[in-house]
Amino acid sequence: MENYSFPPRRSLPAGEPRARAKTTRSTRLAYLILLPLLLLVSLSTSAQDLTASVDRNELAINETFTLTLRYSGSQSGGQPDFNLLEQDFEVLSRQQSNQYRVINGRAESFVEWTLILAPLKEGKLFVPSLHLHGQISDAIPITVNKAGQTPSGDNRKAFLEVELDKDKLYVQEQLLVKVRLYTTVGLHDIATDPLQIPGAHIEKVDEQRFEHRIKGVGHAVYELTYAVFPESSGELQIPALNYVAVTGRRDPFSLFNRNAQRIRLRSEAKTVQVEPKPDSYSGSHWLPAASLGLVQSWSKDPEEFKVGEPITRIITLRAEGLRAAQLPPLPKLNIEGLKTYPDQPQQEDQPGSNGITGSRIETTAIVATKPGSYQLPAVTITWWDTKTGKQRATQLPAFRFNVSGTPVTNSAAATSTGLPSARTPITNEVEPGFWQKVAIAAIASHLLWVFYLFYRRGNRVHEKANNARGSTGVDEQTRALGHAIKNGDAVQIQQALVHWIGARWPQVKGSSLSEFNRQLNFEELDKLRELLGTALYLTPPKPLNQQQVQILASRLIKREIEEKIKTEDETLPGLFSQ
């Protein structure tokens, strides 16, 4: 057992207990003075704080929530770095307020930020910790579900709905995508994301506003319809769309509307299966359509065909659910005795609530060179019926007509048979010698120059005579054109215009306004052709602007004869120019 020894107790000198008691009282007095100061410091330290709170921790991807951030401290100015929120959320609005209030005799002041946030993805997210003046707020967990899966989904004041008209389709077939915005509160300043799908052609075809009741509650509906044409087979992803709007009524007399709130709505993504073209399809062009039709019309009664007089044939190919660019060209005519002058095809897309209806209009001027009976072959278009899922064919029946008149003679053709006439003696050809060839060449060259000099001398006389005769024909055709414009008949105007141009500019070749315009390149003629085309070939036809036609025709008549003619068949240019 170990022994421990302690030092002896020191005795206090006389008078020391009184001094030690005095020191103890001084220390206690200092503690009493410093204690309130320490309490004030601790209170001020605890009062400087940065807190964050949300109105709800669980919501759907197409909903929003409110984040409130409050700073109470002695330092002023500055704000947290809100860019940290943009990783998982979209900041729709942000407001800042400075407040001072007294509760139960206790005064407090703080700065508060209110933010409306919309989640960018589903799953478990966190509102990150924010920093300000050395203070740090707590991170807040947020659960984001799919659209419409929260209990409050049926009670939302505004939401989006996406509807597809089919869940499976063929490549290049039309898919209708309807996006509806439902709201029970006033919305304004609505901004939408454009529908963009890689590998598909998209067009907005319709926009409507109407009212719809859901469980007895009236909803204002704003509906957009898109026509989507997938260009390849496989899964087609319809992405989620974002709509941003402001709730409440717009007050034009207030710079700050505290009752208004900026919200973001998000639709649900969709997936649709795109099938390739069926192996059983035998058409030369893949045409998946809801309906397809062929219509034929003529510029005048086909029973009045005459040799040398042009008549215009118009064929309209129209398909519901296809764009005009998808429609194929019609087969060309190649019939002996008929000359054809096809015009440039016209293409038009007509959007509507059922999507796009594409039209292709082909116009051909037909001129018979000899009388007789002719038959235009049938026109058959094979296509795929998307309603029944079967291959179909639409046919324009063959058309037969008769042509009367005198055949157009061709002297070159008449003498090309090589058969000798009864009055023409048959002679044997003798191969000439060298000097004979030289003499023949010299005589031919001399005769050519003599002919050229006589031509130059008589050219002016013939030109004056031709101008005199031509002016008479131009005057007659001008009167006929004015009469046709006065009647307002588009067919008569087109024919009168063709005849007038042929008389005014006989150098121009062709029998249609398009052929004339390619050579003349007149702005007035091009506009006249467009006006007459819309009145003749569109279904339903557009009314003819008679006043505009008269103005354009007047400008065309005033043009000088010396306008430069652009022809493709000119040979030896400048040989006989003055």
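Predicted model: local features only at pLDDT ≥ 70, side-chain atom pairs only at ≥ 80, totals over all residues.
View 1. Searching the whole structure turns up 15 aromatic pairs; here, rings of Phe, Tyr and Trp (its six-membered ring) pair if their centres lie within 6.5 Å, and planes under 30 degrees apart count as stacked, over 60 as edge-to-face and the rest as tilted. Residues are numbered from 1 along each chain as its sequence is written, and side-chain values use heavy atoms, with hydrogens and water left out.

Is tryptophan 298 buried or exposed? Tryptophan 298 is buried, and phenylalanine 305 is too (buried means under 20% relative accessible area, exposed over 50%, partly exposed in between, with a 1.4 Å probe and protein chains only).

Now look at tyrosine 374 and phenylalanine 401: this pair is stacked, at 5.8 Å centre to centre and 25 degrees between the planes. Tyrosine 374 sits in strand S27 (residues 372-376) and phenylalanine 401 in strand S30 (residues 399-404), so the pair ties together parts that are 27 residues apart in sequence. Strands (E, at least two residues) and helices (H or I, at least four) are DSSP runs, numbered from the N terminus. Both tyrosine 374 and phenylalanine 401 are buried.

**View 2. Two arginines over rings.** Find arginine 323 and you'll see it over the face of phenylalanine 229, at 5.4 Å from the ring centre. Likewise, arginine 504 lies over the face of tryptophan 505, at 5.3 Å from the ring centre. To count, NZ of Lys or CZ of Arg has to be within 6 Å of the ring centre and within 35 degrees of the ring normal.

**View 3. A mixed sheet of three strands.** The order in this open sheet is S11-S19-S16, and its pairing is mixed; two strands pair if DSSP finds at least two bridges between them. Strand S11 (168-170) and strand S16 (234-238) are the edges, each with a single partner strand, so one side of each has no neighbour in the sheet. S11 runs parallel to strand S19 (residues 270-275), and three bridges pair them. One to spot: lysine 168 has glutamine 273 in S19 as its bridge partner.

**View 4. Strand S17, tucked away.** How many residues of strand S17 (residues 242-247) are buried? Six of the six are, so the strand is largely enclosed by the rest of the structure. Asn242, Val244 and Val246 point one way, while Tyr243, Ala245 and Thr247 point the other. Strand S13 (residues 187-192) runs antiparallel to S17, joined by four bridges, and histidine 188 has valine 246 in S17 as its bridge partner.

**View 5. An antiparallel sheet of four strands.** Follow the order S10-S12-S15-S14 through this open sheet, where the pairing is antiparallel. Strand S10 (158-164) and strand S14 (200-214) take the edges with a single partner strand each, so one side of each is left without a neighbour in the sheet. S10 and strand S12 (residues 175-183) are joined by seven bridges, and glutamate 163 stands opposite lysine 178 in S12.
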